[in-house]
Amino acid sequence: MLIRRRPSWELPESAATPEHLFFSRRALLGAGAGLAAFAALPATAQAQAVGDPSGDPTKDLYPAKKNPAYTVSTPVTPEDISANYNNFYEFGSDQMNYSVARIAAKMPRRPWTVKIDGLVEQEREVGIDDLIRAMTLEERLYRHRCVEAWSMVVPWTGFPMKDLVAYAKPLSGAKYVRMETFLNPKVAPGQNRFVYPWPYVDGLTMAEATNELAFMVTGIYGKPAPNQYGAPLRLTVPWKYGFKSVKSIVRISFVAERPVGLWEKVQGREYGFWANVNPEVAHPRWSQASERDIGTGERRPTLLYNGYAEQVAPIYAGLDKTEKLFM
Ligand code: MTE
């Protein structure tokens with residue numbers, strides 16, 4: 001997760017298989033699809049199969065209506081900056097040199113199904129386009145704060161997570177929502193790094209998942225999200241550190257037990273389940289008091305719950321006595 005200061009558990013890139021070896025052995029279009037099948041596809045299908053958002057089958061839904069309730073006073077981060085400063089370990093850990101975006105661009109976006117399972121009235125698999133079209137998309141401007149002490153402000157398009165919860169029809173025993181990223185090392189070279197317990201997983205309590213701010217993202221800057229942001233479906237929970245916002249989701253499970261996220265598994269002393277933003281609670285290895293805005297380069301003070309205390313503090317009333325809410 002940490003790019004500039006390498007975490008103690010992380011292997012140096014030199015210990016991982018070089019990127020060109022992954023590419024030489026990866027199938028051009030991922031599992032099962034060969035060159036001949038690719039050539040037979042219509043141009044739009046070819047484009048979206050190789051991860052080009054301009055061929056996205058839901059692009060007619062953009063730009064979605066802006067929701068004026070969710071705005072931010074600090075400047076929006078320019079797209080060319082946020083699109084090239086991504087944290088998506090499946091595609092490498094070198095966030096600074098544009099390689100995450102470049103490698104992620106080759107991820108096939110379709111076909112893509114999302115499995116909804118666990119404690120629900122009926123388990124099912126739904127095609128991403130059917131899921132997106134069953135929801136009403138809107139645009140929200142949110143602050144986004146990474147645990148590494150950088151931040152940005154971006155216009156996400158998507159739908160409230162509480163609508164997804166309603167769609168899934170959870171049973172009363174469901175206490176948490178667990179989200180899982182795809183697992184395909186042929187497409188995602190980072191998944192060949194066995195130091196990480198792939199697939200990427202994280203989760204929320206039902207109270208968090210149904211809070212008005214929890215948002216399922218399908219697009220950004222008024223169009224379908226390019227792959228590096230976690231297309232075709234990711235979470236954003238703006239009052240928490242960014243690692244809670246699972247990208248490229250293929251499975252959503254309603255469960256009774258608290259899920260253990262990838263980072264919590266790797267380094268539980270530093271990355272916990274709650275991970276709410278708090279400037280007064282330092283990461284064991286650095287301060288969280290301020291953050292660097294990647295758009296303006298300015299350093300600004302970090303806010304409690306990343307500035308969303310009014311909407312989310314009630315979720316945690318009384319819990320601070322028993323839980324480590326801020327790591
Ligand atoms: N989801 C997956 N599947 N893999 C990841 O490496 N990184 C997380 C989160 N979701 C990550 C992920 C972290 S640490 C952050 S800060 C955000 O994605 C970054 O989102 P962004 O690249 O859109 O800014």
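The following legends describe close-up views of a predicted model.

Local features are described only where pLDDT is at least 70, and side-chain atom pairs only at pLDDT 80 or more, whereas totals for chains, interfaces and linings use all residues. Residues are numbered from 1 along each chain as its sequence is written, and side-chain values use heavy atoms, with hydrogens and water left out.

**View 1**
The ligand is surrounded by 18 residues, where a residue counts as near if one of its heavy atoms lies within 4 Å of the molecule. The closest are Tyr89, Glu90, Arg234, Ser245 and Lys247. By type, the shell divides into 9 nonpolar, 6 polar and 3 charged residues. In this grouping Ala, Val, Leu, Ile, Met, Phe, Trp, Tyr, Cys and Pro are nonpolar, Asp, Glu, Lys and Arg are charged, and the others, Gly among them, are polar. The space taken by the ligand is the largest cavity. A cavity is a set of points, on a 1 Å grid over the protein atoms alone, where a 1.4 Å probe fits but cannot get out; a molecule sits in it if more than half of its atoms lie within 2 Å of its grid points.

An oxygen atom of the ligand lies 3.3 Å from a polar side-chain atom of Asn86. A backbone N or O atom of Tyr89 is 2.7 Å from an oxygen atom of the ligand. At Ser245, a polar backbone atom lies 2.7 Å from a nitrogen atom of the ligand. On its own the ligand has 530 Å² of accessible area, and the protein covers 100% of this area. Accessible areas come from the Shrake-Rupley method with a 1.4 Å probe; for residues, only the protein chains shown count as cover.

Lys244 lies in the loop between β10 (234–236) and β11 (249–255). Strands (E, at least two residues) and helices (H or I, at least four) are DSSP runs, numbered from the N terminus. Lys244 has a relative accessible area of 1% and is buried; buried means under 20%, exposed over 50%, and partly exposed in between, with a 1.4 Å probe and protein chains only. The side chains of Lys244 and Asp202 are joined by a polar contact of 2.5 Å.

Most residues other than glycine have a negative phi, and most peptide bonds are trans. Ser248, in the loop between β10 and β11, has a positive phi near 40°. Ala275 has a positive phi of about 50° and is placed in the loop between α9 (262–266) and β12. Ser248 is buried, at 0% relative accessibility, and Ala275 is also buried at 0%.

**View 1. Two cis peptide bonds.**
The bond from Trp198 to Pro199 is cis, with omega near 0°. Pro199 is found in the loop between β6 (176–181) and β7 (201–205). The bond from Ala231 to Pro232 is cis, again with omega near 0°, and Pro232 belongs to the loop between β9 (223–224) and β10.

Methods:
A polar contact is a pair of N or O atoms within 3.5 Å; within protein, one must be able to donate a hydrogen and the other to accept it, and residues adjacent in sequence count only if both atoms are side-chain atoms. On a 1 Å grid over the protein atoms alone, a cavity is a set of points where a 1.4 Å probe fits but cannot get out, and a pocket is an open set with protein on both sides within 12 Å along at least five of seven lines; lining residues have an atom within 4 Å of a point.
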